[in-house]
Amino acid sequence: MKIVLIFATMPAQIYSPFTNFNFSNNKCFLTGQNLNSPEEQIQVFPQWLMSRYELENKPFKLLDESMATYKDLKLPCTAEVNERYLEPLENEIAAAFDTGYEALKALDEDKLFLWAGKLLYGIIFNEIQAGIKLQHSQGEEFNISQSIIHKFNNLHMMLQSLNLPVEFDGFKPYSLVLFKVDNAENVFGYRDEINTLTFSLRIKDFGLILCLQDNGANARYHKEALDKIADHTLHPIQFEELNARFFYSAYLFNRLPEYDIFTIGETISLEALPLRGTSSKPLFDDWMNKTYGQVLENFWKNWGFLLLEIIKNPEKPMSFLFNADGEFINGQDLKLPL
């Protein structure tokens with residue numbers, strides 16, 4: 001059976017808040033169980049991460065232009081679910097982050113996917129709550145596109161592999177790239193785009209990019225560039241260039257992944273349907289250098305490069321990753337601040 005926009009066909013134990021659009025604070029975000037107390041909440045950005053980078057009171061802008069702080073973003077979650085399923089994952093990720101790139105590289109990629117997915121879903125949950133509140137205050141029904149609901153629901157379903165025997169049958173639902181980066185001390189570089197479910201984090205000695213619902217399409221799209229960069233340590237401006245490429249290609253990605261769900265004994269198995277489907281249209285819309293240049297300008301704000309400089313040659317935007325011959329530039333040769 002396909003997951004399209006009707007979620008009642010899922011196995012009974014899988015919880016979907018999107019079926020009845022229930023985003024109240026009295027149900028566990030992961031299981032739908034009623035909470036015993038309003039105090040049963042977890043931070044969207046884990047406490048260990050906020051403490052290390054002093055994020056608690058820093059501003060976090062929501063899509064409706066309202067401002068929150070990092071510590072304001074919370075998720076309703078039963079104490080049991082947190083203790084049994086979430087805290088062990090947080091502890092493992094925190095320990096790997098403490099060590100840095102080599103420890104992350106040794107981690108099961110699915111754990112990084114689930115950790116980043118839980119964080120991004122937490123932001124989505126808070127954005128939906130804010131949107132519902134705003135539109136209801138204006139006497140309107142909350143409205144959100146069905147394609148976005150489709151992606152959010154699939155992500156939430158996959159997060160339940162934390163607490164249910166959900167497995168991905170022969171595929172990874174995400175693209176994940178991890179590079180060693182020569183970061184300045186105590187840098188905290190976080191970005192997300194919830195419409196495309198894209199996530200990146202640049203801290204310690206690494207940079208991590210995840211496209212959470214593309215079945216690996218974005219990594220395949222950038223394979224030639226990734227092969228050239230592999231095993232190199234990147235200058236931060238090089239990682240941000242790669243970041244811009246992924247965020248832009250995620251915007252160009254024009255498929256909604258769909259899955260068959262099989263229950264085999266106690267196991268809930270997800271099988272990815274072909275991304276191409278019946279369409280002859282390419283998986284990605286056309287790459288436009290001017291639009292990419294605008295994305296890159298935003299990612300290069302720390303270094304002050306402007307769009308006119310970036311696309312001075314409209315056919316070949318500025319790059320610190322590759323020279324005019326398409327060869328990788330050693331990051332240590334770049335005379336730029338970290």
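Which residues in H5 meet which residues in H6? The legends below take up this contact and the sheet beside it in a predicted model.

**View 1. Contact residues of helices H5 and H6.** From H5, the residues taking part are Phe113, Leu114, Gly117, Lys118, Tyr121, Ile124 and Ile128. Their counterparts in H6 are Phe152, Leu155, His156, Met158 and Leu159. By class, the residues of this contact comprise 9 nonpolar, 2 polar and 1 charged.

**View 2. Crossing of helices H5 and H6.** H5 covers residues 109-137 and H6 covers residues 146-159. Their axes come within 10 Å of one another, with a crossing angle of roughly 135°. H5 is therefore oblique to H6. The crossing of H5 past H6 is left-handed.

**View 3. The open sheet of E5, E11 and E10.** The sheet has 3 strands, in the order E5-E11-E10, and its pairing is mixed. E5 (166-168) and E10 (259-264) are the edge strands; each has a single partner strand, so one side of each is left without a neighbour in the sheet. From one strand to the next, the twist averages 25°.

**View 4. Pairing of strands E5 and E11.** E11 spans residues 267-272 and runs parallel to E5, to which it is joined by 3 bridges. Opposite Glu167 stands Ser269 in E11.

**View 5. Helix H6 on the sheet strands.** H6 lies across E5, E10 and E11. Relative to E10, H6 runs at about 25°. H6 also meets H5, through residues including Phe152 and Leu159.

Terms used. Residues are numbered from 1 along each chain as its sequence is written. This is a predicted model: local features need pLDDT of at least 70, side-chain atom pairs count only at pLDDT 80 or more; totals for chains, interfaces and linings use all residues. Side-chain values use heavy atoms; hydrogens and water are left out. Axes are lines fitted to C-alpha atoms, for helices over the stretch in contact, and angles run from 0 to 180 degrees between N-to-C directions. Helices (H or I, at least four residues) and strands (E, at least two) are DSSP runs, numbered from the N terminus. Angles under 35 degrees count as roughly parallel, over 145 as roughly antiparallel, 65 to 115 as roughly perpendicular and the rest as oblique. A crossing is left-handed if the near helix is turned anticlockwise from the far one by less than a right angle, and right-handed if clockwise. Contact means heavy atoms within 4.5 Å. Ala, Val, Leu, Ile, Met, Phe, Trp, Tyr, Cys and Pro count as nonpolar, Asp, Glu, Lys and Arg as charged, and the others, Gly among them, as polar. Two strands pair if DSSP finds at least two bridges between them.
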